[in-house]
Amino acid sequence: MIPNPFETVKETVDVAPRVADEVKTTTCYMCACRCGIRVHLKNGAVRYIEGNPDHPVNKGVLCAKGSAGIMNHYSPARLTKPLKRVGARGSGEFEEIEWDEALALATEWLGEVRARDPRKLAFFTGRDQSQSLTGWWAAQYGTPNFAAHGGFCSVNMAAAGLYTLGGAFWEFGEPDWDRTRYFMLFGVAEDHDSNPIKIGLGKMRTRGDAKFVSINPVRTGYSAIADEWIGLRPGTDGLFVFALIHELLRAEKVDFAYLGRYTNSAWLVIDAPGEADDGLFARNADGDPLVWDAETGGLHPALSAASPVLVGARTLEDGRKAVPVFELMARRYLRDEHSPDAVAERVGISAATIRRIAAELAEAAFEQEIVVEQPWTDWLGRRHDRIVGRPVSMHGMRGISAHSNGFHTCRAIHLLQALLGSVDTPGGWRYKAPFPKPIPPGPKPAGVTTAPNTPLGGMPIGNPTGPEDLIVDDAGQPLRIDKAYSWEHPLAAHGLMHMVLHNAWAGDPYPVDVLMMYMANMAWNSSMNVPATIKYLTDKNPDGSYKIPKFIYADAFASETVAYADLVLPDTTYLERWDCISLLDRPISSAHGPGDAIRQPVCAPDRDVRPFQEVLIDLGARLQLPGFAHEDGTPKYPGGYPDYIVNHQRGPGIGPLAGWRGDGDSFGRGEPNPDQLDRYIENGCFCAQDFPDDAQYMKPFNRAYLDYAHRMGWMPSAEPVIFQLYSETLQKFRLAARGHGAHQPPPEHRDRVAQYFDPLPFWYAPFEEAALEGGDFPIHAITQRPMHMYHSWGSQNAWLRQITSKNRLFIHDDLADALGVRDEDWIWVHGHVGKLRCRARRMRGTNPSTVWTWNAIGKRKGAWGLSQAAPEASDGFLLNHVISDLLPEREGGHRYSNSDPVTGQAAWYDLRVRIERCEDQSAEGCVPAFEALDAPHPPPILQYGADVKADPCRAEGVPCREWIGNRHEYAASVEGLADGHGGDATPKLKAAE
Amino acid sequence: MTDLPEQTERKLGLVIDLDICVGCHACAVNCKEWNTGGHSGPLTDMSPYGDSPSGVWFNRIHTFEVNDPETGSGRTVHFPKSCLHCEDAPCVTVCPTGASYKREEDGIVLVNADICIGCKLCSWACPYGAREYDETEGVMKKCTLCVDKIYNDSLPEESRVPACVSTCPVGARSFGDLGDPDSDVSRLVEARGGFELMPEQDTRPVNRYLPPRPRKGPPPQEASGPAEDRAPRMLDHDGGDPDGAGLIARWIDRALSS
């Protein structure tokens, strides 16, 4: 029939198409957040990815990165086959080889080194989440030269937390979002725990009874919805926090009872200047630290004293004097140099504002106290009828961490939390399992002795408790390639991946033979001083050989680093692999209880690629590493990674996954269960438990929790975790630097160790700022992390790059006026090691002495499967190009890493610059521009979805339903709005009226 | 040139809370992901790996600063924007072929791609810039309010809401019948003072935005003026005690006498 041309054709809308043939659950890997996802598959292709509503991390939500997973999965930048370099390094000339040849070559290289000197393998991994496997592999191989990327990420937060509270921010703790009344967010933190933080912020603000203060030089991201933005000067957060502490102490608005019981505030510190134990804790014959106990009127072991006294010098049995920690703290932080008036100018925040914030903190902690009627018992068996909450919570990440004073600044934040008595109380910041742990957690790092064909005596990464635990030789010189755990960076608890290429190139402390890296873009945005780094990778000896002789690299995508590898092992995407998100590593626990998760392959690879973990286990067997091969030479895990996940035991009954162990009923401990992965898949690829009600809060001191944690194998004993506000560990290093003990630093490092190993947190100017004092670099330059890209491996993503494919340097209006800079002007940014050209953008929401840009947008021309004309290369830049990997030369010519002196954390945000408007505005393109890599010819048009469209109309559909965001929180304030949907929003415990 | 229904049985729409939107783009990307394989898909991308990547998006986030030159205070605003499914939708009435239409049963504004001639009159008519032209296919596309998702019983029940709504990490997006004054979304709009975007355009948009709530920020003028005038000591303490010596002595006395 011919349609009537005068009648509009009605569309028949297919409202209930069959979307998928199958929906599989797995765990997202578009960043480090580990959200649960449901992947809808149509004809074997990915139709749609959504958050898993049952999952404890994301409760059904999914961010921009996770939602763009399809574009990573089908990216044209994916590597397709093992590659062997045939041209010069950096030329990108490779030949494709078979896996047999690739693995044989790797085995030959690695086997030869292992038989000669296993230290000559440096094995470092990037943003992977399998460090309990990779670290164990390195230990079995026998090299101490292993770490993941934490050293250039946020080790300051990790180490400061672990050495102070036995737990850390990262994703290892969370504010009590349901109860907090005052939330302070320090620095850029749009990275780890991203969906949980967004969920929490949304709930907290919808509840409406909390104040959210963002302390950040830049007002973007989460700061945009803060009640108050404190736009301080970068690197001065410590000064700001000490001024708050100063005010709180002066007003006696600190929780004396909490400090006396749960922190080492009452512990007596020996006051004997010049003696070998000056500044250590006074201890009894059993080694127990002592306090003055008001109840018995004498010295008493700290952990069992009924009434520890916080002030007053005491005389020890040997006649010497000792002073409680609290008094030392009070004397320091009450000094006038810490007053708001003294720091206001340097911080860039008025003294009045600092005083008011201190008053608000006190008001929230002590006037808005929360009482939860839940009895609990402490480690001494003392029963408490209720839990008192001080509803002030804090979080911080890279913004605090990436300064050379970050360790002490983060300790200062933890000190503030403890003074307010808020840690792990209702409304405060709470630990997630397996934290808290002993301070610091064991074990110590191994690697002082190595031998051919011999595993390391322990794990290469650990936590030193004194100078005797350093990885140095008899002369005190570094034994690790990154100089971690040396006198230069004694508490380098995550290693210093950012120094590996420099040190291997310089042969300092020694050259390596094989460099093996995974998922770490060291030839680009993961390195400081990119031009120098490229030189380290390509520089040759007089005989024509490369200074770094062999470089094995595993990656799923054609990143900038691939071009420099000698052997490329192509990895799968996250939808094509098994993985475990383990309590041995970085689990998915919440404050309510422990959890872990898996990834399962939801698609089969369409290329000749293998998951790196699978390859590592295969190499382990080929190399006959004891953990990976039986004595008869056969592999221990012939089934590969899933076989390892199920059957590997790190201790008796403890393996990578905690759920459904033994006969399927055991959590935490139990024999390997061959059906374990099936149980995980049935449950949505995760396992989560709730702590008992009496173990939810006060965990470091709570008998019910401590027994539970000990039973799970998270703690070696059920001893309480008493906060180490004063760090005896730090004092031990300081004493060594003052010439005491068997392990002392070489003369050139003594002053530095003595200065920075202060047992109480303190503030000092970031190193670059101090070194350039008086020079012509008056402006701070930092980055912020775009929520839609950050940590997203392979940010060439076709959808995400439409949101950001070029970046600008943001400048405060007043500074821009002074410089004569308008929007989109080309400007030169001079650092002390080089300069870059980029475009400017003006704004007001930034500290006037600070410029900033989005992190990791700039790409090298031709990399990541992008065309030569991609704006990421011509109109995108990295601040990395002008960040020095080394500090300016000191007396004697020594140059320290541009890192924190305690932990080795890369000091990205210490950068100081000078800015000038380019005279020639017609010059186009960001500088430095690097030689183009061989670019592919990607498709000009993408119409994803056209071929996975649903089957034709099938049904009328069903009535639709409402959805209220944060319904649970709204239900309390909007009349007639019923509670209901809202995920796991209901607090576990009922608050008293 | 195309008629609007006299009235619709329901007025389905979105309520977007500007108080808590952090500008993360989750809604935009999850929308893209669902809809590129959905009713109005594909959401074509031009130059996806090349010099000027741009494509069809039904939902976009605009970020801008609002500054008060008087007080120096300011705010960074994240503003998600998609089709508002107007009751008096000018994109429909301007359509010469009937391709743009508003559904009687739920008020959703859709484009029938089969008869869209790609004349772009609707994108000129829409005051919100919410229309997206697909150059490759030569047709106009737009937010469907996930019409193929919200009624779809082949999906689990919790997925039967627009993609942007269920994926929003901060919970800033709600969905429901804004024509029913007793619906929860209507109650929410009422309680929070939800507003129409650009009411002067007389398009009667269905979607509502919830305004940012007053911030618990600093008192006015705190950062200027003499110190003592502007900052009463909210924490009582002895101001004349340099370095806290007296305070520590008092604590010690108290400890010794206890």
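Biologist: In chain A, how many bridges join strand S27 (residues 595-599) to S28(A)?

Modeller: This is a predicted model. In it, S26, S27 and S28 of chain A form an open sheet in the order S26-S27-S28, with antiparallel pairing. One of the facing pairs sets A:Gly595 opposite A:Ala688 in S28(A). Strand S27 of chain A and S28(A) run antiparallel, and the number of bridges joining them is three.

Biologist: Which strands of chain A are the edge strands of that sheet?

Modeller: The twist in this sheet averages 10 degrees from one strand to the next. An edge strand pairs on one side only, and this holds for S26 (579-581) and S28 (686-688) of chain A. The edge strands are therefore, given that strands pair if DSSP finds at least two bridges between them, as follows: S26 and S28 of chain A.

Biologist: How many residues does chain A bring to the contact with chain B, and how many does chain B bring?

Modeller: The model scores ipTM 0.96 and pTM 0.97. Residues count as in contact if their C-beta atoms, placed from the backbone, lie within 7 Å. The contact takes 112 residues from chain A and 95 residues from chain B.

Biologist: Which element gives the largest share of the side of chain B that touches chain A?

Modeller: By residue class, the side of chain B that touches chain A divides into 41 nonpolar, 32 polar and 22 charged residues. By element, the largest share is seven residues, and these come from helix H1 (residues 26-35) of chain B.

Biologist: Which residue of S2(B) is the bridge partner of A:Leu942?

Modeller: Strand S35 (residues 941-942) of chain A and strand S2 (residues 45-46) of chain B run antiparallel and are joined by two bridges. In S2(B), the bridge partner of A:Leu942 is B:Asp45.

Biologist: In which sense do strand S1 (residues 12-17) of chain B and S11(B) pair?

Modeller: Three strands of chain B form an open sheet in the order S10-S1-S11, and the pairing in this sheet is mixed. Its edge strands are S10 (173-177) and S11 (208-210) of chain B. Within the sheet, B:Ile16 stands opposite B:Tyr209 in S11(B). S1 and S11 of chain B pair over three bridges, and the sense is parallel.

Biologist: What is the radius of gyration of chain B?

Modeller: Chain B holds seven helices and eleven strands, and its C-alpha atoms fill a box of roughly 90 × 45 × 40 Å along the principal axes. Of its 258 residues, 50% count as buried. A compact globule of 258 residues would have a radius of gyration near 18 Å, whereas the value for chain B is 26 Å.

Biologist: Over which residues of chain B is the pLDDT below 50?

Modeller: Chain B averages a pLDDT of 92, and 94% of the residues score at least 70. Where pLDDT is low, the predicted coordinates should not be read in detail. One stretch has eleven contacts in the model beyond near neighbours in sequence, yet its pLDDT is below 50: residues 226-233 of chain B.

Notes: Residues numbered from 1 in each chain as written. Chains lettered and ligands numbered in written order. Predicted model: local features only at pLDDT ≥ 70, side-chain atom pairs only at ≥ 80, totals over all residues. Contact = placed C-beta atoms within 7 Å. Helix = DSSP H or I, 4+ residues; strand = E, 2+ residues; numbered from the N terminus. Nonpolar A, V, L, I, M, F, W, Y, C, P; charged D, E, K, R; others polar. Rg over C-alpha atoms; globule rule 2.2 N^0.38 Å. Buried ≥ 20, exposed ≤ 12 C-beta atoms within 10 Å, placed from the backbone. pLDDT = per-residue confidence, 0-100. Axes fitted to C-alpha atoms, helices over the stretch in contact; angles between N-to-C directions.
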